[in-house]
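Have the 3D view open and follow along.

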Amino acid sequence: MLEQPDCADRPDVVSFNTLLSACAKQGMATQAEEVFARIGAHNLEPTAISFSTVLNAHARAGNPKQAQAWLDRLTAAGHEADAMSYNSVCAAHARVGDAPAALACFDLMGKSGVAASATTR
């Protein structure tokens, strides 16, 4: 029988993105940032999904400014933000009653060439 390599010592970015997703679903933004930091500590490159998932964790936690900061980090890292990322940030601003910031986010989405989707509110 062939021996299986011990993969527990070598997580990949998909493993970390799965952990990030679990944090985001619970709005656990601080924990998501801790998991994100571990990606680099394992000499891995975060993907657009990694950034977007931390962004989403902040949006769900009611932290629109931090969600916006993660959107900025995503694009600064050379990734393109998608409609889902913009929608999360716009919705986070709207949830805390910051209509001007939500509208500014929506405008930025259009200027970035990202089309509004059916879920853009």
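Start with helix H1 (residues 13-25) and helix H2 (residues 29-41), whose axes come within 9 Å and cross at roughly 175°. Axes here are lines fitted to C-alpha atoms, for helices over the stretch in contact, and angles run from 0 to 180 degrees between N-to-C directions. Helices themselves are DSSP runs (H or I, at least four residues), numbered from the N terminus. That crossing angle makes H1 roughly antiparallel to H2, a label for angles over 145 degrees, while those under 35 degrees count as roughly parallel. On the H1 side, the contact (heavy atoms within 4.5 Å) is made by Val13, Phe16, Asn17, Leu19, Leu20 and Cys23. H2 brings Gln31, Ala32, Val35, Phe36, Arg38 and Ile39 to it. Sort these contact residues of H1 and H2 by type and you get 9 nonpolar, 2 polar and 1 charged. In that sorting, Ala, Val, Leu, Ile, Met, Phe, Trp, Tyr, Cys and Pro are nonpolar, Asp, Glu, Lys and Arg are charged, and the others, Gly among them, are polar.

Before moving on, a word on what you're looking at: this is a predicted model, where local features need pLDDT of at least 70 and side-chain atom pairs count only at pLDDT 80 or more, while totals for chains, interfaces and linings use all residues. Residues are numbered from 1 along each chain as its sequence is written, and side-chain values use heavy atoms, with hydrogens and water left out.

Now, what does H1 do with helix H3 (residues 48-60)? The two pack at an angle of about 10°, with their axes 8 Å apart, so H1 and H3 are roughly parallel to each other. Val13, Asn17 and Leu20 are among the H1 residues that meet H3, whose side includes Ile49, Thr53 and Ala57. The H1 and H3 contact residues divide into 6 nonpolar, 5 polar and 2 charged.

H3 also packs with helix H5 (residues 83-95), at an angle of about 15° and with the axes 9 Å apart. H3 and H5 are therefore roughly parallel too. Ser52, Leu55, Asn56 and Ala59 of H3 make the contact with Ser85, Ser88, Val89, Ala92 and Arg95 of H5.

One last stop: histidine 58, found in H3. Is histidine 58 buried or exposed? At 5% relative accessibility, histidine 58 counts as buried, which takes under 20% relative accessible area, with exposed meaning over 50% and partly exposed in between (1.4 Å probe, protein chains only). Leaving aside residues up to four places away in sequence, histidine 58 touches Ala29, Glu33, Asn63, Gln66, Ala67 and Trp70.

Definitions and conventions
Angles under 35 degrees count as roughly parallel, over 145 as roughly antiparallel, 65 to 115 as roughly perpendicular and the rest as oblique.
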